[in-house]
Every structure is written in C-alpha cells, then in structure tokens.
Amino acid sequence: MTRTRKVVYWGTTLVLASGLIGSGIQQLLRMEGEGALAPPYAWGIVQLGYPVYILTLLGIWKLLGAVAILVPKRPLIKEWAYAGIFFLLTGGMFSHIASGDAWYQSLTALFLLVLTIASWHFRPAGRRLLPAARTRGAFDA
C-alpha cells in the first residue's frame, strides 16, 4: 500500500469516525444542535416524521459503526459497518428530500457519505475480505 493511499485511508476514516461518534453521542443524549445545518436532533427527527426514540437506535449504530471501522482486523464486521453507514446516511438524505427540506440540509450526510465511500475504497488489504475465489465457504467440499 502506497503512502498516499494510507494517508487518504486514515484521513477519511478518522474524520468519518469522528463525525459518527460526535453525532452518535449527540443523538444518544438528545442534545439540540445550535447553529446546525439540518434541524437539531430531537426537534428535527420529529419534523422528519420519526419518533424521538429512534435517536437512541441511530446513536448506538453510529458508535458501533465507528468502532468497527477503526479496530484492526475483523474484515467481515467492517464490511457490514460500511454498508450500515452507507444505508444510514443515504436514508437520512432521502428523509430530508422527501420531507421537503432545503437541499443544503443534506450536505453533512453527503459529506460523510463521500468519506464512507473513500474510506471503504482505500482500506488496506488487512481490512478487506478475501476475494471469493480464494475463500472456502461452508458448502465447499
């Protein structure tokens, strides 16, 4: 892995994890985001049509996803975490669009989505699943 790829991977991964941890804690604590681009957490989630208790689930998922992409090894868990983060962020963007919010309220999620894709793409070999041809499944002889 080249030095540039390592820098890009760790830069995007650390910023992504920081964003997930920060927003996950805010959601778990149901803090209101003063000066936030999108509507603040508890008020904003209701405005989008969701119950406030969904913040607990989203906060836990974000914290677990951040831990999963940061810890070494466990490539299968990392794949699931990246997929979950992707679905979480695209779902949030769609919720804003579907509820008629201004386009700029999806910018934070879009930024984190770009970081998710970049982090996943540039991850080192030790953090990837082996290609299907090189692994033996449960049903192989």
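## Glu79 and helix α4

Glu79 is found in helix α4, which covers residues 75-98, where a helix is a DSSP run of H or I with at least four residues, numbered from the N terminus. Because its relative accessibility is 18%, Glu79 counts as buried, a word that here means under 20% relative accessible area with a 1.4 Å probe and protein chains only.

Apart from neighbours within four places in sequence, Glu79 is in contact with Trp120, Arg123 and Leu129, contact being defined as heavy atoms within 4.5 Å. Glu79 and Ile69 are 10 residues apart in sequence, and their C-alpha atoms are 8.6 Å apart in space.

## Basis of the model

This is a predicted model, in which local features need pLDDT of at least 70 and side-chain atom pairs count only at pLDDT 80 or more, while totals for chains, interfaces and linings use all residues. Residues are numbered from 1 along each chain as its sequence is written, and side-chain values use heavy atoms, with hydrogens and water left out.

Arg127 lies in the segment that comes after α5 (107-122). Arg127 is buried and yet has no salt bridge, since the nearest side chain of opposite charge, that of Glu79, is 11 Å away; a salt bridge requires a side-chain nitrogen of Lys or Arg within 4 Å of a carboxyl oxygen of Asp or Glu, and in counting charge, Lys and Arg are positive and Asp and Glu negative, with His and the chain ends not counted.

What does the side chain of Arg127 make a polar contact with? Its partner is the side chain of Tyr9, at 3.2 Å, and the side chain of Arg127 also reaches the backbone oxygen of Leu70 at 3.3 Å. A polar contact is a pair of N or O atoms within 3.5 Å; within protein, one must be able to donate a hydrogen and the other to accept it, and residues adjacent in sequence count only if both atoms are side-chain atoms.

Tyr9 is one of the buried residues of α1, as are Leu16 and Leu20. The 27 residues of α1 (residues 3-29) should span 39 Å at 1.5 Å a residue, and the 38 Å between the end C-alpha atoms agrees with this; the expected span is 1.5 Å times one less than the number of residues.

Helix α3 (residues 54-70) has 17 residues and reaches 25 Å from its first C-alpha to its last, close to the expected 24 Å. The buried residues of α3 include Leu55, Lys62 and Ile69.

Technical notes:
Helices (H or I, at least four residues) and strands (E, at least two) are DSSP runs, numbered from the N terminus. Buried means under 20% relative accessible area, exposed over 50%, partly exposed in between (1.4 Å probe, protein chains only).
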